[in-house]
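Subject: Structure handover

Hello,

Here is the structure I promised to pass on. Please open it and keep it in view while you read my notes below.

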Amino acid sequence: GFILDEDGETMITTGTPVSMLIENVDQRSKDYGEIARQYRPGHADYTYDAKYGLRDYRGGGRSSARETAARVAAGALARKVVPGMIVRGALVSMGEKSIDRANWNWNFVGDAENPFFTPDPASVAVFAAYLDGIRKAGSSVGAVIEIVADGVPAGLGAPIYAKLDQDIASGLMSINAVKGVEIGNGFEAARITGEENADEMRIGNDGKPVFLSNNAGGILGGISTGQAIVARFAVKPTSSILTPRKSIDKDGNDVEIMTKGRHDPCVGIRAVPIGEAMVACAIADHYLRHRGQTGRAVGQ
């Protein structure tokens, strides 16, 4: 799907489908031998068996988070579709620990000394000590990730069946271990009044609308407002832990399972670039649909 441009350096698309392959060369299937006939609590083992009559026990098969590597690759392309769009993500809480939003620094998120994708420099030591305790206990913990897309033009989306926030939520919910999504104020909107929640407007010096707040998260009626699009999603604690848990096997016997192998005590950390990719893909889709829906280019 790519060729080199005449300058010999720039890669350009040819108009054919873009194909990417990431080989899974670091698998350790033997780590899962003991659970070949057992259902791990919190995993999709039982539900896969219930639907298909079989499952790949070697790390989860199709439900493994390994498949999200392809999403991140696709997100890199999606970022190039919408001119001027910048999609960034950050981990804002881990278990019972949260960042101080007063310290928010986007430049710190990708810092080499920041293994947590946190925007709060002061939270690194807190998260590190907290996660070390979780790891030593053989347990796991969840996280909340916030994604912000700047530079998204007003008018993307649709009022009913192809809402922009609907598709963003669908994309984020499709990520492994995600159990909740909110846009803008999200569930907090249910606890405040209409006066507090509605984003007031004025005309700016350039003659364009200016919003005085962004409780809606950049989307109203399923259509982008031109403000930053803000979404958060909750990642559950990984169910692969060293603590024995009660379960059953395929033969109907009661068993106790302790999952061995390589497992992160907080999979939410790795979800930051995945969330960025899914939001970028959803917005890019709507950008490309816009002309077909309205007969006009974006911004006209």
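Helices (H or I, at least four residues) and strands (E, at least two) are DSSP runs, numbered from the N terminus. This is a predicted model, in which local features need pLDDT of at least 70 and side-chain atom pairs count only at pLDDT 80 or more, while totals for chains, interfaces and linings use all residues. Residues are numbered from 1 along each chain as its sequence is written, and side-chain values use heavy atoms, with hydrogens and water left out.

**Helix 4**

Start at the end of this helix. G138 follows helix 4, and its phi is positive, near 70 degrees.

Now check the length. Helix 4 has 14 residues, 123-136. The expected span of a helix is 1.5 Å times one less than its number of residues. That makes 20 Å for helix 4, and its end C-alpha atoms are 20 Å apart, so the two agree.

Next, look at which residues are hidden. Buried means under 20% relative accessible area, exposed means over 50%, and partly exposed is in between (1.4 Å probe, protein chains only). In helix 4, the buried residues are S123, V124, F127, Y130, L131 and I134. They span an arc of only 140 degrees around the axis, so they sit on the same side of helix 4. The arc is taken from the directions from the helix axis to the C-beta atoms. Turned away from that buried side is a face with the exposed residues A125, A129 and K136.

What do the buried residues of helix 4 pack against? Their partners are strand 3 (86-94), strand 4 (97-98) and helix 3 (106-109).

**Salt bridges**

Side chains of opposite charge can pair when their charged atoms come close. A salt bridge here is a side-chain nitrogen of Lys or Arg within 4 Å of a carboxyl oxygen of Asp or Glu. The structure has 14 of them.

Take R37 and D251. Their side chains form a salt bridge at 2.8 Å, N to O. R37 is in the loop between strand 2 (11-13) and helix 1 (45-52), and D251 is in the loop between strand 12 (245-248) and strand 13 (254-257), so the pair ties together parts 214 residues apart in sequence. R37 is partly exposed, because its relative accessibility is 42%.

A second pair is E276 and R79. Their closest N and O atoms are 2.9 Å apart. This pair also links distant parts of the chain: E276 is in helix 7 (residues 271-294), R79 is in the loop between helix 2 (68-78) and strand 3, and 197 residues separate them. E276 is buried at 14% relative accessible area. R79 is partly exposed at 28%.

Then find R40, in the loop between strand 2 and helix 1. R40 forms a salt bridge with D45, with 2.8 Å between the closest N and O atoms. Both residues are buried. For R40, the relative accessibility is 4%.

There is also a network. Salt bridges link R101, E146, E182 and R232.

**D49**

D49 lies in helix 1. Is D49 buried or exposed? D49 counts as buried, because its relative accessibility is 10%.

Contact means heavy atoms within 4.5 Å. Leaving aside neighbours within four places in sequence, D49 is in contact with Y39, L54, R55 and K250.

Best wishes
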